[in-house]
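Subject: Structure for your files

Hello,

I am passing on the structure we spoke about. My notes on it follow below the entry.

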Amino acid sequence: MKTETSFSEKIMNTSTPQIFTTDEWYRNNQRRFNQSDTSRAEWFRINQQSKQLAKEKRMLTDSTQDEVTRSIADRAKQVFDCQKDLERSIEDLAAETRKLQVEKKRLENTLNEAQLSLIVAQESLDLRDQRIASDRVQDRLQSELNRLE
């Protein structure tokens, strides 16, 4: 009595040529069709998920890039404004320095003139002191010259 072998056993046995019954062929074909349909559905689901994930990541990347671009633009504007403020301050300081140099020169000239007056006054006092006793005078001019000394 011959035992009936299953389809999968027949596939495993490669030493003898395999002959399938119509029912076995149909069941095997149906099983492969169902597996193919399941694989196709799984592929479609994974494909849709991949597309959705790629879309979400692209949107996130675009959003992040826009945010970073705005931040960089804001920072660049701050740096530009700061640079302009510094340039304005430098110009103001340079103008103030020029004014102070002019004032310094004016004060130096005034000091030189005052020193010349002081020298002249000192010479006058020295000349008065060199006078002989009969020519010496105590007057208002003498008082002013002594005050300057």
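How many salt bridges are there? The count comes to 7, where a salt bridge is a side-chain nitrogen of Lys or Arg within 4 Å of a carboxyl oxygen of Asp or Glu. Some of them are described further down.

First, the basis. This is a predicted model, in which local features need pLDDT of at least 70, side-chain atom pairs count only at pLDDT 80 or more, and totals for chains, interfaces and linings use all residues. Residues are numbered from 1 along each chain as its sequence is written, and side-chain values use heavy atoms, with hydrogens and water left out.

Confidence

The mean pLDDT (the predictor's confidence in each residue, from 0 to 100) is 86 for the chain, and 87% of the residues score at least 70. Helix α1 (residues 7–12) has the lowest confidence in the chain, with a mean of 55, while α2 has the highest, at 94.

Fold and surface

The chain has 3 helices and 0 strands, arranged as α-α-α along the sequence. Helices (H or I, at least four residues) and strands (E, at least two) are DSSP runs, numbered from the N terminus. Helix α2 has 108 residues and covers 154 Å from its first C-alpha to its last, close to the expected 160 Å; the expected span is 1.5 Å times one less than the number of residues.

Of the 149 residues, 6% are buried. Buried means under 20% relative accessible area, exposed over 50%, and partly exposed in between (1.4 Å probe, protein chains only). The accessible surface of the chain is about 13,700 Å², and carbon and sulfur atoms account for 56% of that. These areas come from the Shrake-Rupley method with a 1.4 Å probe; for residues, only the protein chains shown count as cover.

Side chains of opposite charge can pair when their charged atoms come close. Three of the pairs are as follows.

- R40 and D37: the closest N and O atoms of this salt bridge are 3.3 Å apart. Both residues lie in helix α2 (residues 22–129), 3 residues apart, about one turn of the helix. R40 is exposed at 53% relative accessible area, whereas D37 is partly exposed at 36%.
- R45 and E42: here the closest N and O atoms are 2.3 Å apart. R45 is partly exposed at 38%, and E42 is partly exposed at 34%.
- E103 and R106: the salt bridge has its closest N and O atoms 2.4 Å apart. The two residues are 3 residues apart in helix α2, which is about one helical turn. E103 is partly exposed at 32%, as is R106 at 44%.

On the spacing, an α-helix has 3.6 residues a turn, so residues three or four places apart point the same way.

Buried positions in α2

Which residues of α2 are buried? They are E24, N28, A121, L125 and R128. E24, which lies in helix α2, has a relative accessible area of 6%. The side chain of E24 reaches the backbone nitrogen of T21 at 3.0 Å.

Regards

Conventions:
A polar contact is a pair of N or O atoms within 3.5 Å; within protein, one must be able to donate a hydrogen and the other to accept it, and residues adjacent in sequence count only if both atoms are side-chain atoms.
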